[in-house]
Amino acid sequence: DEEEAKRALLNFFTKLSTNNGSIDPTLGWNSTSDPCRDQWKGIICDNHNLSVKKIFLDGFNFSGTFDASTLCNVQSLVATLGVISLNYNNLRGENLEEIANCKQLTRFHISRNQFSGSLPNSLSRLNNLKRLEISYNNFSGSLPELARISGLTVFLAQNNDLSGAIPNFDFANLEEFDVSFNNFSGPIPLGGVSFWVSSYIDNPELCGDPLPNRCPTHKPKGGVSKNQILMFSGYFLIGLALFLVIILKLFCKKDGTKEEKNDAVYKVAALDDSSDNPSFTTNEDKIGMSKSEISNASADSGLVSSSLVVLSSPEVNGLRFGNLLKAPAELIGRGKHGSVYKVICEDQGKPLAVKRIKDWTISSYDFKQRMRRLDQVKHPNVLPAMAFYSSRQEKLLVYEYQQNGSLFRLLHGTQMSKALDWSSRLGIAATIAEALAFMHQELRQDRIAHGNLKSSNILLNNSMEPCISEYGLMVVEDQDRSVSATASVNSIQAAEESADTIFKSDIFGFGVILLELLTGKMVQNNGVDLAQWVVLVVREEWTVEVFDKTLIQDGTSEERMLNLLRVAIKCVNRSAESRPSINQAALMLNTIKEEDERSMDVSEQ
Ligand SMILES: Nc1ncnc2c1ncn2[C@@H]1O[C@H](COP(=O)(O)OP(=O)(O)OP(=O)(O)O)[C@@H](O)[C@H]1O
C-alpha cells in the first residue's frame, strides 16, 4: 500500500510541474524516500507516519495540471486523504470528476489557478466536505448540486464565470460564502440574505436582498385584457398625479428652509453610486422630514434605494454606500447578532470596521432616532459610530477600525495575556466603569443601555486605552416594566425603577468582564457559566483558585484581588435589583485603585 501511495503521489506531482517531469530536489519528493517518514514538503501524515492525511501545496507556482485521478483513484490514499490544498498556483484541471472518489475530503482548495470549464456534478457527492474554495479561476456553467453537502461551512467561488441560479444552500450552516464577480442570475435564495452584499456583487442579473436591485415580479400568463389595460392606465394616471403633488410640496418646503441649511448636522450620500449628485446637508431638527429622511423612509417601503447616513464625523466626509460595497472587505469576526468586516475605502484615509446586524426587529425610524441620539453623547472611551445604513433587512454601522483588537483578544489571545499585569487590568476596569457611568447618566432618560457589554466589545485604541464599542446596538428588553409599574405608587417612581432594570443588564456584563480580568478565563453562555463557577468556588472558600495564575506568579496582592472579586460578584448577582449601579461600581473600583497606587508609593520609598 505504501508503495502504491508513493507511486501515486509521484505521478500526481509530476503532472503538477511542467519541468519535463523532473521534480525540484529540494522538495524531497523522490522514489528512494518515504512521503511520511522523510517528510516530503507539503505532505502531512497521521501520528504514526503511516498514511497521508493532507496535501498542502499552496503558492508553489506549479503550472502543470491537477489530475484528480492520480490521487482519487488510488485506494490507499483515498481512505485517509482529508485535505487537498493547491491555492495560488497556475494549474489547469484534468479528470476533475474523479474528485468524487476522494470521499474523505473535508477541504478542497484550488483558488487562484487556471481551471476552466464546468464544475463536475460529482463534486456534490463529497459528503464530508466542509470547505470548498474555487475562487479566481475561469470556471463557467452552473453550479452542481452543492446544496446536498449538508456540512459545508465555507464556499468561496468569487471571480469566475459561473452562471445560472444560486442553489438553495444550507445557509444557516455556512460561515463564509462568496459568489461575487460571476454571471449568476435570478433571485438570491431566502437564506442567502444573511450574507453581506459583497458576497453577491457584480453578478449583473442577480437580484433581491441583500442587493439593492429588486427582482422583477412575474407577469401573469396569457395576454392582457382590455379591462386590465384600462385599469393599469388609471393607476398610472393616479400615480403621476401623486408624484406631481409630492414634487410640488418638496419644492415649497425647500424654499421655506433655505436659511436653515447652514446648521448642517447630517450628511447623506445616495446609494446609487453612478449618480454624481454631491452629498447635501440638512438640519433634521428644524425642517423635520427632510429629503434625507424621505430617501431613508422610502427604503423601508421599498420605493427608493436606501441611503448611508454619515454622522457628524469629519473623518468619513464624502463616504458613499457604493464605495463601501466596492471596497475590499475582510471578515474580522461573526458574533451572535451579526458580523464585522474590515473595509478599506480608497477615498478614506483609515480602514473602517463595518458591523452588519441582521434580523434586528427595530423599525428604521427608531433605529435612526437612536443613532442620532447616540451621536450626541460623546466620551473619549466610547467608540462612536461614524455612519449607518438602515434597510428593512439589515442595519450597517461604520466605525473606525481599531488595529489593537479587543480586550477579549488581549486576555485570551495566544501571546499577549502575559503582558497584562495587575495594574493594567485594574486601570482597564476603572476606565470602562467611568465611561459606562457617563453613558448611563446621559442616556438614562432615553433608556438606551449598551445592551451587549462584553470583552469583545471593549476595543483598544492607538494608545492602548480601552474603548467601549457598539454602545446601544442591542435593545434591552424591559421585562420587569409592568411588574414595577403596578407595584409602585406613583408613575415617576415606576419609570425610574424600570429604567434601572434596563441598565442593570450592563452591570452584569461589566461584572463578567471583571471576572475575566481576574480569572483570565474565557466566558461561555454570556458569562453566566463563569459567574456561577466563581460564586461556587468562593462559597467553598477556595477563593485563590479563581485567580489568573499569571497574577499570582507576579505577586499581586491577594487582598486587592479579593476586593475586586467582591465588586465583580456583586455585579453578577442573579437578581438585577441587587446589583450596584455603575456609579457605585466605579466608586468601589476607584477606591481599590487608590489603595493600589498608595501601596505602590510606599513600597517604592
Ligand atoms: N471597530 C473595530 N475595530 C476592530 N475590531 C473590531 C471592531 N469592532 C468589532 N471588532 C471585532 O470584530 C469581531 C466581531 O465582532 P462582533 O461584534 O460581530 O462579535 P461579538 O462581539 O463577538 O458578538 P456580538 O454579535 O454579540 O456583538 C470581534 O472580535 C470584535 O472585537
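How many residues surround the ligand, and which are the closest? I looked this up and found that 19 residues surround the ligand, the closest being Gly-333, Gly-335, Val-340, Ala-353 and Ser-406, where a residue is near a molecule if its C-beta atom, placed from the backbone, lies within 6 Å of it.

I noted that this is a predicted model, in which local features need pLDDT of at least 70 and side-chain atom pairs count only at pLDDT 80 or more, while totals for chains, interfaces and linings use all residues. Residues are numbered from 1 along each chain as its sequence is written.

I next went through the shell by element, taking strands as DSSP runs (E, at least two residues) numbered from the N terminus. Strand S18 (329-334) and strand S19 (338-343) each supply at least two residues of the shell around the ligand, and S19 gives the largest share, three residues. By class I have six nonpolar, eleven polar and two charged residues, with Ala, Val, Leu, Ile, Met, Phe, Trp, Tyr, Cys and Pro as nonpolar, Asp, Glu, Lys and Arg as charged, and the others, Gly among them, as polar.

I then turned to Lys-355, where UniProt, in an unreviewed entry, places the feature "binding site"; such annotations may be inferred rather than shown by experiment. Lys-355 lies in strand S20 (residues 352-358), and I list Lys-355 as buried because it has 22 C-beta neighbours inside 10 Å, the cut-off being 20 or more. Leaving aside neighbours within four places in sequence, Lys-355 is in contact (C-beta atoms, placed from the backbone, within 7 Å) with Gly-338, Val-340, Leu-396, Leu-397, Tyr-399 and Glu-470.

Key:
Helix = DSSP H or I, 4+ residues; strand = E, 2+ residues; numbered from the N terminus. Buried ≥ 20, exposed ≤ 12 C-beta atoms within 10 Å, placed from the backbone. Contact = placed C-beta atoms within 7 Å.
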